[in-house]
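I am opening my notebook for a new structure today. Come along while I look things up one at a time.

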Amino acid sequence: MDQSTAVVKSHIEKPFVFRGVDFKRWQQKMLFYLTTLNLAHCLTSEGPELPVEGDIPDEIIKASEAWTQNEFLWKNYILNALDDSLYDVYHIFQTPKQ
């Protein structure tokens, strides 16, 4: 690992575990954390839709697969930053708007 990679990794700090207080502070820290991981854009935009019929170009398939992977990552980063009692409540939701 080169020095530039070590510097970037050392500045990515996981936000504190949300226990039900100071939501706005936790929300901003989580947004910054997801931004540093290049995942924050997935919270506000919809994923690419695959055509129902016809030949699907490779770049659309790759974009859809990348979106699915990013969606899995941001959901689990957020869930892992919740207290266990809150995790039990929110792990069933599929979108951030729910």
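**Confidence first**

I checked the confidence and found a mean pLDDT of 78 for the protein, with 82% of its residues at 70 or more; pLDDT is the predictor's confidence in each residue, from 0 to 100. This is a predicted model, in which local features need pLDDT of at least 70 and side-chain atom pairs count only at pLDDT 80 or more, while totals for chains, interfaces and linings use all residues. I note that residues are numbered from 1 along each chain as its sequence is written, and that side-chain values use heavy atoms, with hydrogens and water left out.

Where is confidence lowest and where highest? Helix α1 (residues 3-11) has the lowest mean, 48, and helix α2 (residues 23-36) the highest, 90. Helices are DSSP runs of H or I with at least four residues, numbered from the N terminus. Over residues 4-8 pLDDT stays under 50, and the model has one contact beyond four places in sequence for them (contact means heavy atoms within 4.5 Å).

**Helix α2**

I looked up the length next: α2 has 14 residues and reaches 20 Å from its first C-alpha to its last, close to the 20 Å expected at 1.5 Å a residue (the expected span is 1.5 Å times one less than the number of residues).

Which residues of α2 are buried? They are Trp26, Met30, Tyr33 and Leu34. They lie on the same side of α2, because they cover an arc of only 95 degrees around the axis; the arc is that of the directions from the helix axis to the C-beta atoms. Buried means under 20% relative accessible area, exposed over 50%, and partly exposed in between, with a 1.4 Å probe and protein chains only. Lys24, Gln28 and Phe32 are exposed on the face turned away from the buried side. The cover over the buried residues includes α3 and α4 (58-80).

**Rings**

I found four aromatic pairs. Phenylalanine 18 and phenylalanine 23 make an edge-to-face pair, because their ring centres are 5.6 Å apart and their planes are at 70 degrees. Phenylalanine 23 also pairs with tryptophan 26, and this pair is tilted, at 6.1 Å centre to centre and 35 degrees between the planes. Rings of Phe, Tyr and Trp (its six-membered ring) pair if their centres lie within 6.5 Å; planes under 30 degrees apart count as stacked, over 60 as edge-to-face and the rest as tilted. So Phe18, Phe23 and Trp26 are linked into a cluster by ring pairs.

Key
Helices (H or I, at least four residues) and strands (E, at least two) are DSSP runs, numbered from the N terminus.
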